[in-house]
Structure formats: C-alpha cells, structure tokens
Amino acid sequence: MTQDRRAILGFLLAGVALHVGLALTGLWYAWAWPAIGASFVLLILICERIGRHVPVRARKTYERTLALGFPVLLLAVWELAGALELISPIWFPPPSAIGRALWDVSVNYDRFSETSLLGRPWLIPQEYAQGGLAAVGTLLSESHLLATLGRVFAGFLLGAIPGILLGVVMGLNQTVRLMLDTTLAAIYVLPKIAIFPVVMLMFADPFGEGPKIVVVALSVFILMTINTMTGVRNIDPVYLMAGRNYGAGPLQMLRHVILPGAMPVIFAGLRIALGTAMIVIISVEFLRAKQGVGYMTFYHWEVLVPEKMYAGLVVVMILGVTLTGLLHWLQKRLMPWKR
Amino acid sequence: MAPSDPKISARNVTKVYQTASGPMTAVDDFSLDVAEGEFLAIVGPSGCGKSTFLRMLAGLEDISSGQLTIRPGADPSTPLNSVVFQEYAIFPWKTVIQNVAFGLQMRGVSERARMDVARGWLDRVGLAKFADHYPHQISGGMKQRVSIVRALANDPEVLLMDEPLGALDAQTRVVLQEELLRIWEETRKTVVYITHSLDEAVLLGDRVVLMSAQPGRILDVYQIDLDRPRSIDTMNLPAFAEYRAAIWDRLSAEVTRAMEMQP
Ligand SMILES: Nc1ncnc2c1ncn2[C@@H]1O[C@H](COP(=O)(O)OP(=O)(O)OP(=O)(O)O)[C@@H](O)[C@H]1O
Ligand SMILES: [Mg+2]
C-alpha cells in the first residue's frame, strides 16, 4: 500500500520533472512527442497501481472511468497539440473545431447542393401544416444521414434474408453446396466496390439508388450465405437427429433446430456484414452520389474544408456504433439462452 | 397382428459403413425380439455398434440389410419411439420445460396441455424449480434427467435409451437408477436400454443382451429372473451377484479381445 503510494508519487514527479526540465532547457518543442509518449507510459503505470487498491464495489466505476476517460484525454491532447501548433490545425483541426463543424452541418442547409445532414427535422411541423406528409417527405429527402441509412437498411435486408436462406440450403444439401461453394468463395474475395461499375450497367438509371443498394446487398448476401452455411454445418448432428426423432417436419426443423442452432454464427456474420456494408456504402458515396454521409465527407475534402470532412467521419463513426448497438440488442432478444 | 407378437423384431440386421479404408461392418446379423412391456438391456465393449443399432431402430440410420420393425400401438397418434441420446442432445436454445414439451409441440399439442404434461414430469424428477432455466445453467445430472423426461413426456410406444446415465458420478447415478426403476414400474413401457455398466443392466433389465466387439454380434442373451419391483437393495441379493459374475466372464474376455484388436 505505502509502497504503491510512493511509486505513484514518484511517477507523477517524474512526469512533471520531464516536462518542466525540457521547458526550462528550451528543448520542449523539439522533444514534445517523445515526452508526451513517455507521459502516457507513466499514466499507465500510475493507473495500474491505483487499480490494485480499488475496492470491489467501486470496480465498475473505475473500469468505466478508464474506458471513457482515456478517449477524452486523447481528445484533450489533440486539442492542446493543435493549440500549441505541434500538429497543423488546418489539416488536423482540433476536436473543438470539428465539433463546431458538426454543429454547423447539422443545423444548416446547403443551398448549393440542396442538402443537409439531418434533413432539418425541426421544420417538420411547419412543412406538415403547409403541404402534408408529401412535404415532410421532400424535406427529409434532403438529408445525407437518412440517405445513407436508407441505403444501408435496404441493402442489408435485401442481402441478409436471401443470404441466410441460401446458406441454410447450402448447409443442409451437399449437392447445392458443391455446386456453389467455389463460385461464392471467388466472389467473396472480390472487393465489392470493384463490381460497382458492372452493377451500374445493369440499371436503367445507373446513377440512381438501385445500384448503390444492390452493391451493399450483394456484399451482405455473400457474407451471410457463407456464414450461415458454416453455422448450419457446425450444428451438432445429434440435434438434427433429436429434432427428427421427436417428429419435427421440415419447417419445424428450420424454426426449432436449424436456425437457432446456427444463430450464433449468423449473428457473428451479421456483425461483419454490417462493417462491410458501411465500407461499401461510404466508398460508393465517395465515387458516385449527390447525397449521403460519404458524399458529404468527400465533398468537403474536395472543397478543402477539413473540419467538415472530419465531421463527416464522426457521423460515420456514430452511425456504425449505433447500428452495431442495434444488432446487439436484436441478438439479445433473439438469443436469450446466451445470457 | 396379435398382441402377443413381439413389440420390436429384428431379423438379420446388418450395418456396413463405407469408410475411406473400405467397408466396415458395425452390426452383423443381429436378430432379436422384444416383447411388449419388456425392459431389454444391451451391454458390450465400446465401439461394438450399440448406438448404431439403436439409431437404426429409431429410424435415424439406414439398415444395410435385414429387417427391423416396431409394432405400432392401438392409437396411431402415439409416436413409435423416442430416443434418449448418449450425448443428451437437449437443445441449448430452449428452456428446460420447452425441451421436455418438445415432442408434444411437434405433434401439435396445445401450449397449455403440453406445458401441463411437461411440468408434471419435471415435478416427478424434482426439476420443477428449474423449468425456466436454460441447459447451460444446470448441472450434467440435471441435463440427463431433462433428456430422459423429454422422452417420457412424449409417451412413445417404445423408449430407446443410449447410456442415459453414462456421464454421471457414482452417487447421482444410483439416485437416477432408483428413479428409473420407479418410473418404469409405473409406466411399464417397452424399453431398449444401452449401458456400459453391468450392474445397471442386471438391475434394470428383464433380459441382458451381450454384444461382441467388431463386428457387433449377439454373443449371448441372459434372462434376469429377479423379482419386481426392484430397488438398489436388489443389488445385495446373491442371485444378483451370480448373474453379474456369469455375464462378466464373457464380457471381460470380449473386452480384452476388443482392446487387442485396436491398432
Ligand atoms: N457414421 C459412421 N461412419 C463410419 N463409421 C461409423 C459411423 N458411426 C459409427 N461408426 C463406427 O461404428 C462402430 C460402432 O459405433 P457405435 O457408436 O455404434 O458404438 P457403441 O457401441 O455405441 O460405442 P460406445 O459404447 O463407445 O458408445 C465404431 O467402430 C464406429 O467407429
Ligand atoms: Mg454409443
């Protein structure tokens, strides 16, 4: 106890001494990054010593503080580094500037591209009074966020449901599996964005929503087929025997044995598919779109407004985290036996 | 057919597996009748084809040659057989009570009715408290009881049990043997019961079939004329020890032979 306390004090003093010493000798600017790195190492050593003495009931709070406190600290260092011009505030705008830009794109309407990030939901009552639901639709159709969300959702559903069904068939039927396995494996390794031009050719309006949704659907489909097939094949055959022996027909087998048996692997697949869907949709929006979070991000890079570009990236991050959370919630509802 | 006909009849049943190293005969020329209400125990060295025979009897595996039938009962809606699998095979994604009610659910019995039946069986084996638990939350012994009760709740013409007490510690095993005896006395179902334990076979069985190691053949059939109802105390009778010793003579020779056959 006292030993740890002494160690903590020692590390703290070492950290302060390091920075003060560098500052006094005028070397701080030249050595700022190594010094900051060393400070982080000292911080880890200090936190570890503190962690040893956290009482059990405060454990959760301590863990949460570490998990959330560290990112906040990183942002603070970033902010400070910008202010001290250790990094270029133009190319790496500090978090405060990104926050302001995020606020800016959220509340303002871009007259030039006729878009806004959220679709200005605060105007909904007013529009509804004037033009009914149709006017609300027009208003929301200007939203980058909703455009991206819509594409991801549509593509996800369109890809996941047939993918799971085909995966079940391939998992159960050896003939179908042998016939399709190689093809799927070959398409699987192909970066889906590379087939985007081909998909565009298949549509009357190559620049419309169709190709974008289909590209997302295709990548989700391939992944879900392969994952579901693996999940179904990994079901212990004794469960299939039990299902049959207790009189389950084909549909009952699917509902009571095969789908729940493959569910853990299916959900692992959905998690990966979500990540892939995000990559695909953002890249597609970089390439060919007049709307969408990806478009907004790329547009602000082209017109050299880095903080708004970062704001776009933050939105992508929030979107990804939210959708993953949604999937997690769904998993808890559908798989209660895994706690 | 007349009621005196055998409930189960096996005629020259053979199972040949096609393996990478050529055909392998798992069960060879197996002929046997089981009477209605009989408790038949099968013992034999590991790998001699006991589970294979049971799976064929349950219709879960093709028969290479021969004939294997279970005579249907008066009520055509009663399932022919229900298996208690060696690996329990209770569904991890269903609660204890849902597992027990599974067979009834598959046959379209209403939710109310099947839950009542399942709850009744869980009560009888002291698992009522765990009705809404998932299998991963209960012990191995409880899982095995759930798997036994799932078969009983299905109320089949014949009960096929594959080492239902195999993976249990000695104490739990004795308790469940008593429980099985009690339940069987009450229901008097036709049972085919596979076990590794000679004690268990003699204690539970009306007859004990001894199988040989690869290929699995019938070596001998022993009639066990111990009085019913039996209990754990039956094991202290001199007659019990005699049966046990007689079967063990043959079995130990067979087990030694089986071990020497291993590459
Ligand atoms: N699907 C299969 N394909 C090929 N060989 C098999 C298959 N299933 C079982 N066997 C073989 O058939 C033989 C009998 O297996 P079985 O599982 O019926 O034995 P068992 O008597 O139940 O053994 P244990 O007492 O260990 O459960 C074994 O040698 C096994 O390797
Ligand atoms: Mg076996």
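This is a predicted model: local features need pLDDT of at least 70, side-chain atom pairs count only at pLDDT 80 or more; totals for chains, interfaces and linings use all residues.
Between chain B and chain A the count of salt bridges is zero, although eight residue pairs, both members at pLDDT 80 or more, are in polar contact across the two chains.

**The contact between chain B and chain A**

- The contact draws 24 residues from chain B and 18 residues from chain A.
- In chain B, Leu60(B), Trp93(B) and Met106(B) lose the most area to chain A, and together they account for 36% of what that side buries.
- The size of an interface is often given as the accessible area lost when the parts come together.
- For chain B and chain A the buried area is about 2000 Å², and carbon and sulfur atoms give 65% of that area.

**The side of chain B that touches chain A**

- Which elements of chain B give two or more residues to the side that touches chain A? They are β5 (81-84), α3 (102-106) and α5 (140-153) of chain B.
- The largest share of this side comes from α3(B), which supplies four residues.
- Sorted by class, the side of chain B that touches chain A has 13 nonpolar residues, seven polar residues and four charged residues.

**The domains of chain A**

- Chain A is assigned two stretches as domains, with domain 1 covering 2-83 and domain 2 covering 139-338.
- The C-alpha centres of domain 1 of chain A and domain 2 of chain A are 41 Å apart.

**The surroundings of ligand 1**

- There are 16 residues around ligand 1, and of these Ser46(B), Gly47(B), Lys50(B), Ser51(B) and Thr52(B) come nearest.
- From the backbone, a polar atom of Gly49(B) lies 3.0 Å from an oxygen atom of ligand 1.
- From the side chains, an N or O atom of Gln86(B) is 2.9 Å from an oxygen atom of ligand 1, while a polar side-chain atom of Glu163(B) is 3.4 Å from an oxygen atom of ligand 1.

**Two details of the backbone**

- Most residues other than glycine have a negative phi, and most peptide bonds are trans.
- The peptide bond that leads from Arg228(B) to Pro229(B) is cis, with omega near -10 degrees, and Pro229(B) belongs to the loop between β9 (218-223) and α8 (238-261) of chain B.
- Leu304(A), a residue other than glycine, has a positive phi near 55 degrees, and Leu304(A) sits in the loop between α12 (293-302) and α13 (306-334) of chain A.

Notes
Residues are numbered from 1 along each chain as its sequence is written. Chains are lettered from A and ligands numbered from 1 in the order in which they are written. Side-chain values use heavy atoms; hydrogens and water are left out. Contact means heavy atoms within 4.5 Å. Buried area is the accessible area (1.4 Å probe) that two parts lose on being put together, summed over both. A salt bridge is a side-chain nitrogen of Lys or Arg within 4 Å of a carboxyl oxygen of Asp or Glu. A polar contact is a pair of N or O atoms within 3.5 Å; within protein, one must be able to donate a hydrogen and the other to accept it, and residues adjacent in sequence count only if both atoms are side-chain atoms. Ala, Val, Leu, Ile, Met, Phe, Trp, Tyr, Cys and Pro count as nonpolar, Asp, Glu, Lys and Arg as charged, and the others, Gly among them, as polar. Domain bounds come from an automatic or database domain assignment. A residue is near a molecule or strand if one of its heavy atoms lies within 4 Å of it.
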